[in-house]
Amino acid sequence: MTFFRLDASILPATSASRALGDRVEQEWVDSHPETDVVRRDLAAEPVSAEVWQAAVTGGFVPESERSPAQRDAMAFATTLADELITADALLFTVPLYNFGVSQHFKTWFDVAYTDPRINPEGTALQGKPATLVTVLGGNYGPGTPKEGWDHSTPWLRRVLEDVWGLDLRIVERPFTLVGVNPALDAFADLAASLKEQAEADATRSGRELAELRTQRSA
């Protein structure tokens, strides 16, 4: 049994998204202690944009005409896709950065997406259980002054749920910069409440993933 986890935070030591991801993972491992957890840390090992370019252009030419860089990039894309396809469940922890999606995650996705098994013609990930953990420094929900400024979560939902067809759960924690940015001090109580809710959601999500796997193997 395999559990795949991808982390995109560039600050591992203080990452709120990774901390929530730990809760999801722990619930899975507690239920399935024999699990092999496959990790891809995009802060420790970022995917180069040049790899994506090579993987894309390699698909435009016959195999015999591909450059070594194109062959390596396409092989790497196969590896990324294999990690997803062979896993029983998936976990992605992806913070909001500067109102948009993490560049590390976007490049990873773009390279993996060149594999035909998980691009629009492929269905290898259809229905696979997954959790997306995302954290936001501020609060961009309905009625807030910056409603609509989160351009990451809608895109992540679109590509994970609609493009790849994952059975997706989303754990979200806003206001992670409360206590860091003095301008947000007035929201301390709300931030604490939202943190508590996100932790409960993460625990519940991990438990749901584990229960789904148990049901499917019964």
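A residue is termed buried under 20% relative accessible area, exposed over 50%, and partly exposed in between, with a 1.4 Å probe and protein chains only. This is a predicted model, in which local features need pLDDT of at least 70 and side-chain atom pairs count only at pLDDT 80 or more, while totals for chains, interfaces and linings use all residues. Residues are numbered from 1 along each chain as its sequence is written, and side-chain values use heavy atoms, with hydrogens and water left out.

**Two residues with positive phi**

Select Asn 98 first. Asn 98 is exposed, at a relative accessible area of 75%. Its phi is near 50°, a positive value in a residue other than glycine. The residue sits in the loop between strand E4 (96-97) and strand E5 (100-101); helices (H or I, at least four residues) and strands (E, at least two) are DSSP runs, numbered from the N terminus.

Next, select Phe 175. Is Phe 175 buried or exposed? Phe 175 is buried, with a relative accessible area of 6%. It too is not a glycine, and its phi is positive, at about 60°. The loop that holds Phe 175 runs between E7 and helix H6 (188-217).

**The sheet**

Now display the strands. Five of them form an open sheet in the order E2-E1-E3-E6-E7, with parallel pairing; two strands pair if DSSP finds at least two bridges between them. E2 and strand E7 (167-173) are at the edges with a single partner strand each, so one side of each has no neighbour in the sheet. On average, neighbouring strands of this sheet are turned by 15° against each other, direction ignored. Axes here are lines fitted to C-alpha atoms, for helices over the stretch in contact, and angles run from 0 to 180 degrees between N-to-C directions.

Select strand E6 (residues 129-135). Seven of its seven residues are buried, so E6 is largely enclosed by the rest of the structure. One side carries Pro 129, Thr 131, Val 133 and Val 135, and the other Ala 130, Leu 132 and Thr 134.

E6 pairs with E7 in the parallel sense over seven bridges. Within this pairing, Ala 130 has Leu 168 as its bridge partner, and Pro 129 has Asp 167.

**The opposite edge**

Move to strand E1 (residues 2-7) and strand E2 (residues 36-41), which run parallel and are joined by six bridges. Thr 2 stands opposite Asp 36 in E2. With helix H1 (residues 16-31), E1 and E2 make a right-handed β-α-β unit.

**The whole chain**

Finally, zoom out. The chain has six helices and seven strands. Its C-alpha atoms fill a box of roughly 60 × 45 × 30 Å, taken along the principal axes. Buried residues make up 46% of the 218 residues.

Methods:
A crossover is right-handed if, with the strands pointing away from the viewer, the path from the first strand over the helix to the second runs clockwise.
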